[in-house]
Amino acid sequence: MPTDPSSPEYRRRRFRPIPVRMLVPNMITLLAICAGLTAIRLSTEGRMELAVAAIVFAAVLDGIDGRVARMIKGQSKFGAELDSLADFVNFGVAPGLILYFWQLHELNNGGWIAAMVFAISGGLRLARFNASIDDPNKPAFAANYFTGVPAPAGAITVLLPIYLAFLGVPMPPATLTAFYTLLIAFLMVSRLPVFSGKTVKMRVPPEMVLPVFVSVVFFVALLIGYPWHILSAGTAAYLISLPWGWKSYRDQERSLAAQELAARAPPPAAAPTYTAPVTKTEEDDRPAHLH
């Protein structure tokens, strides 16, 4: 390839047409960013239900864009960087501001610090994920686990006090909300192994296709009809499942360590055998043909 920027061949190679399949995942990611920014605007206007719904919509789009990219072979480095930027805005900045405008502003600087720490934790979590994605020292089973709570799950989880308030539960003290926000921020930047399910096989047996369709439609209908009940129950179940993910990771880690130790151990020495001494008799002196 020519290195001279003024070369016509260089310009043709530099600005070659981009396939549409490379653009589709990026458009989904941009739509998610629009949802996150809209959630911030709605929270400043006091329309908290729509703001939370926009965050949930952004989380759904975040789960779709990567799968769509792999399905149509539209992965790109640009798309990966754009996805990280979208996650920081949608699941770091937006939830922190929503909580601040909802209740944390009552604590003045303390509430702002809690919201800011959560947003920064989301950015650090994403930076660590991008830096360790190609870690050669990571064991094979670790591909099925996240290190720390992922950003989308952290955003959905940290909004639990708002879900409960929409269900009629008395609003908790602002100090408790700030403590809960900092707790989720700590879980995001921690080294806690969290089950991801990325390596779970997604193939469905033919006889289960229709039941799966019905289950998905039923769940979506429940989410639309009873959003705050489903989000509250899902958040509680997710928090309860975190110790199970940690235990599963530790069990596999100990099993791998035991296998490596057994492989490095020297083979057991063979047991010594006793051989009786040979005594020389008179017959030994006879000619060989007589033996």
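# Exercises on a predicted helical chain

Let's start inside helix α10: Lys-247 and Asp-251 are four residues apart there, so about one helical turn separates them. Before going on, note that this is a predicted model, where local features need pLDDT of at least 70, side-chain atom pairs count only at pLDDT 80 or more, and totals for chains, interfaces and linings use all residues. Residues are numbered from 1 along each chain as its sequence is written, and side-chain values use heavy atoms, with hydrogens and water left out.

**Exercise 1. Find out what links Lys-247 and Asp-251, and how open each one is.**

Step 1: Check the bond type. A salt bridge needs a side-chain nitrogen of Lys or Arg within 4 Å of a carboxyl oxygen of Asp or Glu. Lys-247 makes one with Asp-251, and their closest N and O atoms are 3.0 Å apart.

Step 2: Check exposure. Buried means under 20% relative accessible area, exposed over 50%, and partly exposed in between (1.4 Å probe, protein chains only). Lys-247 has 46% relative accessibility, so it counts as partly exposed. Asp-251, at 31%, counts as partly exposed too.

Step 3: Look for a network. Salt bridges with shared partners join Arg-41, Glu-45 and Arg-47 into one network.

**Exercise 2. Describe the layout of the whole chain.**

Step 1: Count the elements. Helices (H or I, at least four residues) and strands (E, at least two) are DSSP runs, numbered from the N terminus. By that rule the protein chain has 10 helices and two strands.

Step 2: Read the order. From the N terminus on, you get α-α-α-α-α-β-α-α-α-β-α-α.

Step 3: Look at burial and surface. Of the 291 residues, 34% count as buried. The chain exposes about 18800 Å² (Shrake-Rupley method with a 1.4 Å probe; for residues, only the protein chains shown count as cover). Carbon and sulfur atoms supply 68% of that area.

Step 4: See how far contacts reach. Contact means heavy atoms within 4.5 Å. Among contacts between residues at least 6 apart in sequence, 81% join residues at least 24 apart.

**Exercise 3. Is Asp-62 buried or exposed, and which residues is it in contact with?**

Step 1: Locate Asp-62 in helix α3 (residues 48-71).

Step 2: Asp-62 counts as buried, because its relative accessibility is 17%.

Step 3: Setting aside neighbours within four places in sequence, Asp-62 is in contact with Asp-83, Asp-87, Phe-91 and Pro-152.

**Exercise 4. Sort two of the aromatic pairs by geometry.**

Step 1: Learn the rule. Rings of Phe, Tyr and Trp (its six-membered ring) pair if their centres lie within 6.5 Å; planes under 30 degrees apart count as stacked, over 60 as edge-to-face and the rest as tilted. The whole structure has six aromatic pairs.

Step 2: Tyr-163 and Trp-228 have ring centres 6.2 Å apart and planes at 20 degrees, so this pair is stacked. Tyr-163 sits in helix α7 (residues 160-166) and Trp-228 in helix α10 (residues 227-264), so the pair ties together parts 65 residues apart in sequence. Both Tyr-163 and Trp-228 are buried.

Step 3: Phe-195 and Trp-244 have centres 5.6 Å apart and planes at 65 degrees, so this pair is edge-to-face. Phe-195 belongs to strand β2 (residues 193-195) and Trp-244 to helix α10, so parts 49 residues apart in sequence are tied together. Phe-195 is partly exposed, at 34%, whereas Trp-244 is exposed, at 53%.
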